[in-house]
Each structure stands twice: as structure tokens, then as C-alpha cells.
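Reader: I'd like to go through the side-chain contacts in this one. Can we start with charges and then move to the rings?

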Amino acid sequence: MPVIELRTYIGADIETCFDLARSIDLHSFSTAQTKEKAIAGKTTGLIGEGETVTWQATHFGVRQKLTSKITVYQRPFHFRDEQVRGAFKFIKHDHYFSSIEGGTLMKDLFCFQSPLGLLGRLVDAMIMKRYLYAIIRSGWKNQSSGRGGLL
């Protein structure tokens, strides 16, 4: 099972970072390259415990839908979103937050597996892990670097 781990320093307090990570609107803004749009469930504002959102996005030239649910919620330290419907065999994305001097450290743990057995594992190793890492990193870089003055 592929795992992506990313640590991001953000010059803002832990509560603000926790809320921004749950923002449907900010997520849409930060993933403009894949044209992600919330189309069902919670489609604006802050997603919370037990809520779902269905995203529509274009990956590898194909429009896809993915529904995720917040399955763990421990404000302001941790939440998890998990795929409940979509192209992957599974996705679990944990967001951990800790206060550090001058801001917040956010740790993303993104675990996933493509379908199709051995073929899916090869795609994960050769393409998907790098592709998903770039999307996650780009999203937080866009949010924390001042693009749009968000943080």
C-alpha cells in the first residue's frame, strides 16, 4: 500500500490551519489544475465529522467523481477523510496538526491503493504515487505561500 507523507510549516495558529484544511472552498481554489469542484454533499464552507463531499475532477484527461467522508475528527489536532466511492480501491487521508514556535506543523499521511491487483500496484509505484504527491504538495503550497493571501 503506497503512503505519501508530507510535512508543511504554516505561519498561522493551529485552529486556523485546522479549519482551512477542512474548507471546501479553499480546496477547490488550491486544486484548480485538476478543476476540482464539490458537486454533492457538503459543497461549501467547512466540512465536519461524519459529513461527505463528492468531488468532480479531471485526472489524466478523464473526468472522475470521488466521494469522501470525515471519519475521524479531533479538533484541532487531527481529522481523516476516507473515500467511500470512487476510482481507487481505497484512500485514507490523515491531517495532523501541532503547534510549534511561530506557527503550525501540518503532517499529511495519504494512504491509497488503486484497483486491478498487480496492474494497479504497478501503476501506483510507477505513476500514481508521484502524481498524487505533486497534487497534495501543490495544494498546500498554493494555500500557504500567499497565493490569494490565504495564510
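Charges and rings

Author: Asp19 and Arg22 form a salt bridge, with their closest N and O atoms 2.6 Å apart. Keep in mind that this is a predicted model.

Reader: Is Arg22 buried or exposed?

Author: Arg22 counts as buried, because its relative accessibility is 8% and the cut-off for buried is under 20%.

Reader: Which residues are linked with Asp19 and Arg22 in a network?

Author: Arg75. Asp19, Arg22 and Arg75 are linked in a network of salt bridges.

Reader: How many salt bridges does the count come to?

Author: Five salt bridges. One of them joins the side chains of Asp94 and Arg80, at 3.0 Å from N to O. Asp94 lies in strand S6 and Arg80 in strand S5, so this pair ties together parts that are 14 residues apart in sequence.

Reader: And Asp94, buried or exposed?

Author: Buried, since Asp94 has a relative accessibility of 5%.

Reader: What about Glu5 and Arg7?

Author: Their side chains meet in a salt bridge too, at 3.0 Å from N to O. Glu5 is partly exposed, with a relative accessible area of 41%. Arg7 counts as exposed because its relative accessibility is 51%, and exposed begins over 50%.

Reader: OK, rings now. How many aromatic pairs are there?

Author: The count comes to seven aromatic pairs. Among them is Phe18 with Phe97, which is edge-to-face, with 5.4 Å centre to centre and 70° between the planes.

Reader: Where do Phe18 and Phe97 lie?

Author: Phe18 is in helix H1, residues 14–21, and Phe97 is in strand S6, residues 90–100, so the pair ties together parts that are 79 residues apart in sequence. Phe18 counts as buried, at 0% relative accessibility. Phe97 is buried as well, with a relative accessible area of 4%.

Reader: What is the relative accessibility of Phe112?

Author: 0%, so Phe112 counts as buried.

Reader: What does Phe112 touch?

Author: Leaving out residues up to four places away in sequence, Phe112 touches Met1, Pro2, Ile4, Phe88, Phe90, Ile91, Asp124, Met128, Lys129 and Leu132. Phe88 in that list is the partner in the edge-to-face pair.

Reader: How are Phe112 and Gly102 separated?

Author: Their C-alpha atoms are 32 Å apart, and the two residues are ten apart along the chain.

Reader: Back to Phe18. Which residues form an aromatic cluster with it?

Author: Tyr73, Phe79 and Phe97. Together with Phe18 they form one aromatic cluster.

Notes: Residues numbered from 1 in each chain as written. Predicted model: local features only at pLDDT ≥ 70, side-chain atom pairs only at ≥ 80, totals over all residues. Heavy atoms only, no water. Phe/Tyr/Trp six-rings, centres within 6.5 Å; stacked < 30°, edge-to-face > 60°. Helix = DSSP H or I, 4+ residues; strand = E, 2+ residues; numbered from the N terminus. Buried < 20%, exposed > 50% of the residue type's maximum accessible area, 1.4 Å probe, protein only. Salt bridge = Lys/Arg side-chain N within 4 Å of Asp/Glu carboxyl O. Contact = heavy atoms within 4.5 Å.
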